[in-house]
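Colleague: Please take a close look at one packing contact in this structure and describe it residue by residue. Then place that part in its wider setting.

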Amino acid sequence: MKGSEESYRNMYTCMKKIREFETTAMNRFADGKIPGFVHLYIGEEAVATGVCENLRNDDFITSTHRGHGHIIAKGGDVKFMMAELFGKATGYCKGKGGSMHIADASKGILGANGIVGAGHNIAVGAGLSIKLRKTDQVCICFFGDASTNQGTFHEGLNMASIWKLPVVFVCENNYYGISMSQARHQAIKDIADRAVSYGIPGVAVDGNDVTATYEASREAIARARKGLGPTLIECKTYRHRGHFEGDPGTYKPTEEQKAWLEKDPIPRFREFLKKNGIMTEDDLAKIDNSVAEAIKDAVRFADESPEPDVSSVVIDVYSDITEEVRVR
Amino acid sequence: MASIGIIANPASGKDIRRLVSYATVIDNNEKVNIVKRIVLAAQGYGIDEIYIMPDSFMMGGKVIDELLAEGVLRSDCRIVDMPIRADSSDSTEAARAMNQLGVGCVVILGGDGTSRAVAKSIGDVPIIPLSTGTNNVYPSMFEGTVAGAAAAITALSPEPRLTCIHDKRIEAYIDGKLSDIALVDAVVSTEISVGARAIWKTSSIRSIIVTRAHPASIGFSAVVGSLEIVKPEDDFGYSVDIGGEDVMVKASIAAGIVERLNLSLARKLELGRRYRQEIDRNCTIALDGEREMQITSGEAVELCVSRNGPWRVDIRKTLEKAHAEGFFRVTTR
C-alpha cells in the first residue's frame, strides 16, 4: 500500500479510537453503568478502519450488533455514541435504542442492527437507491461469518449481482457465531467462496492488517463506483472478548487466543509506521493521548447528560410515514 | 510398503487477484474432490500409506470419512500429527514431517506460494505440484487421478529422480544471511507494506529476478519471458529493471491482464552467484507473486539463483517410462 501520510495517520487514530472506546465501554459495563448488552469490536479494528478510510461522507454503511467500530470509522460522534450506551437523552437514539441501534443518517450510517443478517438487504436497498439516483456513492455492508448462513445474505448478494449494485459486502470472519466455531456452523472455510454462486469477485484478506483491508476495499469500492457491481471481501479476524460482555468465551481454545493476540492489528500497524519512518514514537504517543482525552470527554458528556424523560417513552415509536401513506 | 504425502492448501486461490484480474476460483470442496482422486489413484497403483496435511477446513478428515463411508478406501490414509497455524507455515511443517516419515512423493495442491512453502523443507523428496492457486507458473494443471498415478509410480520407483527435474530457486539474503526463497520470481516493489500480499501494479515494480521465464506463462516471470526464454533446465536466471529505456514489451502480467512495459535489457544471472540489489528506500520483495519481505533502507539485500530447489516430478515422462516398463500391464494366472 502506498497511502498518504494523512491516511496512515487517520487509520492509526481510528483504530486507537475504537480500541479506547471499546475498552472504556467494557469497563463501564462491568461497573454497571451501561444497561442492556454490548458486543465489543476489540481485535477487529483493522476491518472497519481500512474499509472506511476509502469512503466519503456521502457513502453508506450498514452495521451489525457489533457496530461501534463501524460507526466510529464512518465518522460517528463518540460523545453521542457513549451517551446512547449510557441510556442518556443526548444519545444517538435519545437513550432509547442502546448499542445495537445507533445510526447517523447525516454520515451515511444506516444503523447498527440487533438482528443477525438484517444489514444485507438494507445495503441492497441503499445500493438500489444509489443506482436509481445515478450517483457514484457506494454502500458497505459489514457482517459476520455466521450471518452468511442466513437467507438474507444469499438474497442480498443475488440481487446486488443481478442489478450490479454499488455494494461492497465486507465479512468479518471472526470464526465464531456466538459460541459456535465456524467449522461447526459452516460447510466451507472461506466465505469468499460464496461469491462464486453469485458471479461476483470474492477475495479473502488478512483482516488484522489494516493495509490489507485498505487495499482490497479500495479496489472493490473503485469497481463499485464505476458501476461494475458488488464484491465480497472476507476479512479474517478475531474478537478478543466474548460474544457480548458477560460471555467468558471459554469455548475459545487458549492457544488459539494466544496466537490471535500476537496478531493484534494495532501493535502491528504501530510497528509498521515506526519501521518505515512514517511516524515516531512521539507522534504515536500524541495520538494515543488525544484519543484517550476524546473518549474521556465522551464519558464526561454521557455522565453529565440527563436521563430521557418518562414522557419520551411514547415518542418515536411510530413514524409519520403512516400519515404520509394515508394522505397519498 | 510405499507411501506418499498430500499437502492441500485451503487458502490458495482466494486472494485479491480475483478482484484486480480475472483469476481462477477453486473452492475447498473441489480441493477435497481432487485429494480423493489422488488417494484413489495412488492406492489403485500400489500405494499402501498416504499422509495428508491437517488444515483448518479438515480436508483430510473429509476425504477419509467419505471414502470410508463409500467403502472404497483401501490404503492406510492418515492425517499428519502436527499443530495447525492456518498459514503458510503449515505447508512447510507438513513437508518437513513427510520428509521425516520417508514418503516417496508429495503431491501439492495450491499455487506458486504453496509450492514455495513446501520447497523450504521438503529436501530431496520428489514433489508433484498441482495448480489450485492463481497465476501459477510452478504448479501445473493435471487431473488428480493422473497426479495420483504419477505419485505412486514415483514412490514405487527405485530411482525416482530419473524422471524428475531438479529445480532452481532464488535465495534472498539479508545482511549475508539466507532469509527466504522463491521458486519462480522475486520482484522488488516500492510498496512498503505487504498489504493484500499479491502484487499487481506494475507502477510499483523496480526489478524482476527469475529462475524461469516463458511467454507461455503469466505473472511477472512472463514479463522477462517476453524478452528471453529461460527453461527450468537452464543453468542461469535473468533479471530486468522496470522503467528502463532499452525496450518496450507487451506481457501477460496477470490472468486476463496484458500490459506494456518499458524494460532494461535482460541480464543473465550466473547460477550460485549473489547479486546485490540497490535498495535506497524502504520497500518490499514479492516472492512468487506475493509480498513477503519488508526491507528497510540500508539493509544489504542479495539475490542468488541456485540449483537448490526441489525435485519436481515430470508427470508425462514418469508415466511414459512406467508405460515402457510395462507398469500398467496386469498379469493374470
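Modeller: Within chain A, helix α1(A) contributes A:M11, A:C14, A:M15, A:I18 and A:R19 to a contact with A:E45, A:A46, A:T49 and A:G50 of α2(A). Two residues are in contact here if their C-beta atoms, placed from the backbone, lie within 7 Å. Five of the residues in this contact of α1(A) with α2(A) are nonpolar, two are polar and two are charged. In this classification, Ala, Val, Leu, Ile, Met, Phe, Trp, Tyr, Cys and Pro are nonpolar, Asp, Glu, Lys and Arg are charged, and the others, Gly among them, are polar. The model is predicted: local features need pLDDT of at least 70 and side-chain atom pairs count only at pLDDT 80 or more, while totals for chains, interfaces and linings use all residues. Residues are numbered from 1 along each chain as its sequence is written, and chains are lettered from A and ligands numbered from 1 in the order in which they are written.

The axes of α1 (residues 5–30) and α2 (residues 45–52) of chain A come within 9 Å and cross at roughly 140°. This makes α1(A) oblique to α2(A); angles under 35 degrees count as roughly parallel, over 145 as roughly antiparallel, 65 to 115 as roughly perpendicular and the rest as oblique. Axes are lines fitted to C-alpha atoms, for helices over the stretch in contact, and angles run from 0 to 180 degrees between N-to-C directions. Helices (H or I, at least four residues) and strands (E, at least two) are DSSP runs, numbered from the N terminus. The crossing of α1(A) and α2(A) is right-handed, a term for the near helix being turned clockwise from the far one by less than a right angle, left-handed being the anticlockwise case.

Chain A also holds an open sheet of five strands in the order β1-β2-β3-β7-β6, with parallel pairing; two strands pair if DSSP finds at least two bridges between them. Its edges are β1 (60–62) and β6 of chain A, each with a single partner strand, so one side of each has no neighbour in the sheet. On average, neighbouring strands of this sheet are turned by 20° against each other, direction ignored. Five bridges in the parallel sense link β6(A) to β7 (residues 231–236) of chain A, and A:D206 stands opposite A:K236 in β7(A). Helix α5 (residues 119–133) of chain A packs on the sheet and touches β1, β2 (139–144) and β3 (167–173) of chain A; the direction of this helix makes about 170° with that of β2(A).

Towards the partner chain, 25 residues of chain A are in contact with 22 residues of chain B. On chain A, β6 (202–206), α8 (210–225) and α10 (265–275) each supply at least two residues of that side, and α8(A) gives the largest share, six residues. By class, this side of chain A has 14 nonpolar, four polar and seven charged residues.

The crossing of α4(B) and α5(B) is right-handed. In this contact, B:S91, B:T92 and B:A95 of α4(B) meet B:T114, B:A117 and B:V118 of α5(B).
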